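Trainee: I would like to go through a structure with you. Could we begin with its aromatic rings?

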Amino acid sequence: MDDSSAPLPGTAFYTVADRRFFPGLVALFNSLRLTGHDEPLFVVDIGLSPEQRDLLAGHVTLVEPPSPDTPAVFLAPYGPQQHPADVMVVIDADIIVTRPLTEITEAARRGHIVAFVDCPPNSRRFHSEWETTLGLGPLRRQPYLNAGLVVYPHTLTDRLLPPWTEGQRAIGIAHSRYGKATLDDPFYFADQDVLNAVLAARFKLGELVVLDHRLAPHPPFPGLTLTDRQRLTCRYEDGIEPFLLHHVLAKPWLKATRDTIYSTLMTRLLLAPDVAIRLAPERLPLRLREGPAAALDRRRADAQTFVHDHGRRQLGRFGIRTRLARWRARQTAR
């Protein structure tokens, strides 16, 4: 719904959420406001509850998805298509912004696509099958980027969004991590693999601003210290401050996870009196609330997760998980 006669907003943010991701969405929104971002946030609503929509009213703009059959992971480009801006920030609902993104949005305003390198070893991910399956032409090898935050100018929309959305339709969901795929499959990361293929085929290296993974780290956020809970400030020992925290994989509001900077800030972002959307404590698991009982539950969850993760590392050390995944794939193919 691009009305070319109407002026575009300067910058806008876009995400996707359902009722399960509501706490993450609220934490994202509140972190944007606390770091000085008053730009609009458009949310593709794939199943928020009526009560959640009421809480969001007046704060975000909800966008109806194109079809109930469209997989949620393929909807990231949809919000920008419906509500374009001069600079568009596609951002996951499991992200907390910890300092202003102005430096990033200004780079996009100058004509660049900005994204962060994915965590090692995925940072080197590349599959020649991307070229043949998607019909994009020759691919340049470059750092593999995370799709959790992608910032780009309106001037590049026609070169970015059509091949990204068409590529997603071409691969479908079955051959990704959301289907029966393993990490060896070329489209295991679904929309993210398609995005990286498009960037490597259709854009010159000089059109990309590739930011270090440390500036958008994943759990357990190694080497990072929370220096100011009130201002959301995090810092490495060398003084570098990340732009955001990205809680990939298990979400702390859905499952007991390690107690990290992200979960500490999430409690502050959902319950503190100075946030734009404040949730009642009973809406959250005990481990994400405040007080002695919550602290005890965090220690319990921490210990439980440590034991679980240690077991997985031992399986990985002997290659058992990989062999099991390949065996399951062979069984499915029969």
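Mentor: We shall discuss the aromatic rings and then the chain as a whole. This is a predicted model, in which local features need pLDDT of at least 70, side-chain atom pairs count only at pLDDT 80 or more, and totals for chains, interfaces and linings use all residues. Residues are numbered from 1 along each chain as its sequence is written, and side-chain values use heavy atoms, with hydrogens and water left out.

Trainee: How many aromatic pairs are there in the whole structure?

Mentor: The search finds 7 aromatic pairs. Rings of Phe, Tyr and Trp (its six-membered ring) pair if their centres lie within 6.5 Å; planes under 30 degrees apart count as stacked, over 60 as edge-to-face and the rest as tilted. Tyrosine 14 and phenylalanine 42 are stacked, at 5.4 Å centre to centre with 15° between the planes.

Trainee: Why does that pair tie together parts that are apart in sequence?

Mentor: Tyrosine 14 belongs to strand S1 (residues 11–17) and phenylalanine 42 to strand S2 (residues 41–45), so the pair joins parts 28 residues apart in sequence. Strands (E, at least two residues) are DSSP runs, numbered from the N terminus.

Trainee: Is tyrosine 14 buried or exposed?

Mentor: Tyrosine 14 is buried, at 1% relative accessibility, and phenylalanine 42 is buried at 9%. Buried means under 20% relative accessible area, exposed over 50%, partly exposed in between (1.4 Å probe, protein chains only).

Trainee: Which residues do ring pairs link into a cluster?

Mentor: The cluster consists of Phe126, Trp130, Tyr144, Tyr188 and Phe189.

Trainee: Changing topic, how much of the protein chain counts as buried?

Mentor: Of its 334 residues, 49% count as buried.

How values were computed: Helix = DSSP H or I, 4+ residues; strand = E, 2+ residues; numbered from the N terminus.
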